[in-house]
Amino acid sequence: ALDACRRARHELLGPDGTARVGGAPVDDGGARALEKLYAECVSLCRSKRAVELQVAALAELGGLQLRAGAAGRAAESWVEAVDATFQTYDVVASWPSHIDGVVSTLGLAAVGRCIALLGQLAAQTTRVQLEQRMQYALFASALATALFGGSLPHPARPIDYAGYRLKELWPAQPVFDDAAFGELRLLDGLNAAAHALLEYEQPLPALPLLVLYKFLSVERARDVPHAAAADALAVRALSDLGQVNAALTTLDVALRGADLPADALQLPPSALVDGAPPAPAPPPPPFADHLPPDADENSAAVRAALGAQPAAHAAKLYGPLLCRLLTLARARLLLRLCERLPPEDVLANGAKGKKGAPPAAAKGGGVSSDELLAAAEEALASVETDVAAELDAEGEGEAAEGEGAPSAGRQQALVALWCEAATLRATAHHRRGLVTAAVDALKAAMARAARAPAA
């Protein structure tokens, strides 16, 4: 029955979700007939207690419903698939009681499929449904941690995942099948789940997801944009957790493009720019987490981050959007460092309105709060200026209607970057004691978000 569904789907749909003949969107009648065929297959598998086939059919049914624009029905199918895997109704509501021994009970493939399903649920659940979205992301994080627990070399505590780089996961045993990367868009789901946890100030459970995200991006999918996005999110999580040395190291690796996936021939991305190989970069200076950022021992590490920029070959591989995302991660890290210092010198400059004054230097050889804030504000201003220029250019009459018009998804990404930069700028203003300027920055972010195109 499932093979018949797949044949019918292959005959009806092309790889991009449109009709295989003509390339037009599939009409409602064809989509409903295919959905009915899958529903009958699910019912048959349930009656025969063929759990694996039932879960596969529900996962494919959810993907079909999502392509048809029925995100709500797709979520219901995916939730039913997770329930069928655990043989428990509404397992998401009681997931902590099902984690112990989950790998030995369900098997690696079932756990991997559940992580992919939960990632899609986190991605497709609206931010209005905060609790539900959080539970999907936390459940996925717990399952990822359970996967790591199957062998000795992996960390035993969540905080030990700070700076951890996974190199091997259950060798010679498949965990994620091709359907997880294709139909269920596993990498997008891991990104969404980790982002949801970071948005709601849960960086600790986000670490196992980010470790898995980076590993799969580099070692399995060989996807450079996802590898860079994993690093940017990891820098954010580590900054929020106060793991400054790990955050600086991850940021340095991302900016240098030192941990990117090989291509199909197992060759690393080319570091040649204009025919000249770059000079080998020195290792980043260590940061002593037990000392304040303005300590002389931490001066070299902090100053290296003040003006850090992507290497030429890395910037070419990443593209402007990911470079801006890494710039925002660096600005957030600098603001977190600033929070660990006394604000007296910053308030003195900010309250007196000395905008043109050079940043006050710290006593000794350390970096002051004012220097950190000035570097963060410069990075944020560059992102806001570049994004605003691109958005304004895209919104001008014929440019927005021509063949080169950007998609709504790209416009949403640009707006999200601008709003995040404005939110961080409000944090910097508040740190300087400029409350009115901070409120104005937040209002500008809300106004820009209100004008964002619909998905």
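In the predicted model, phenylalanine 86 and phenylalanine 139 are both buried. A search of the whole structure finds 5 aromatic pairs. The rings of phenylalanine 86 and phenylalanine 139 have centres 5.6 Å apart and planes at 45°, an angle between the limits of 30 and 60 degrees, and the pair is therefore classed as tilted.

An edge-to-face pair is formed by phenylalanine 176 and phenylalanine 181, with 6.5 Å between the ring centres and 75° between the planes. Phenylalanine 176 has a relative accessibility of 5% and therefore counts as buried, whereas phenylalanine 181, at 22%, counts as partly exposed.

Helix 7 is mostly covered, with 15 of its 19 residues buried.

A charged side chain is also placed against an aromatic ring: arginine 448 lies over the face of tryptophan 418, at 4.8 Å from the ring centre.

With regard to cysteines, a search of the whole structure finds 0 disulfides. Cysteine 114 is buried, because its relative accessibility is 0%. Cysteine 323 is likewise buried, with a relative accessible area of 14%.

Conventions. Residues numbered from 1 in each chain as written. Predicted model: local features only at pLDDT ≥ 70, side-chain atom pairs only at ≥ 80, totals over all residues. Heavy atoms only, no water. Buried < 20%, exposed > 50% of the residue type's maximum accessible area, 1.4 Å probe, protein only. Helix = DSSP H or I, 4+ residues; strand = E, 2+ residues; numbered from the N terminus. Disulfide = S-S within 2.5 Å. Phe/Tyr/Trp six-rings, centres within 6.5 Å; stacked < 30°, edge-to-face > 60°. Lys NZ or Arg CZ within 6 Å of the ring centre and 35° of its normal.
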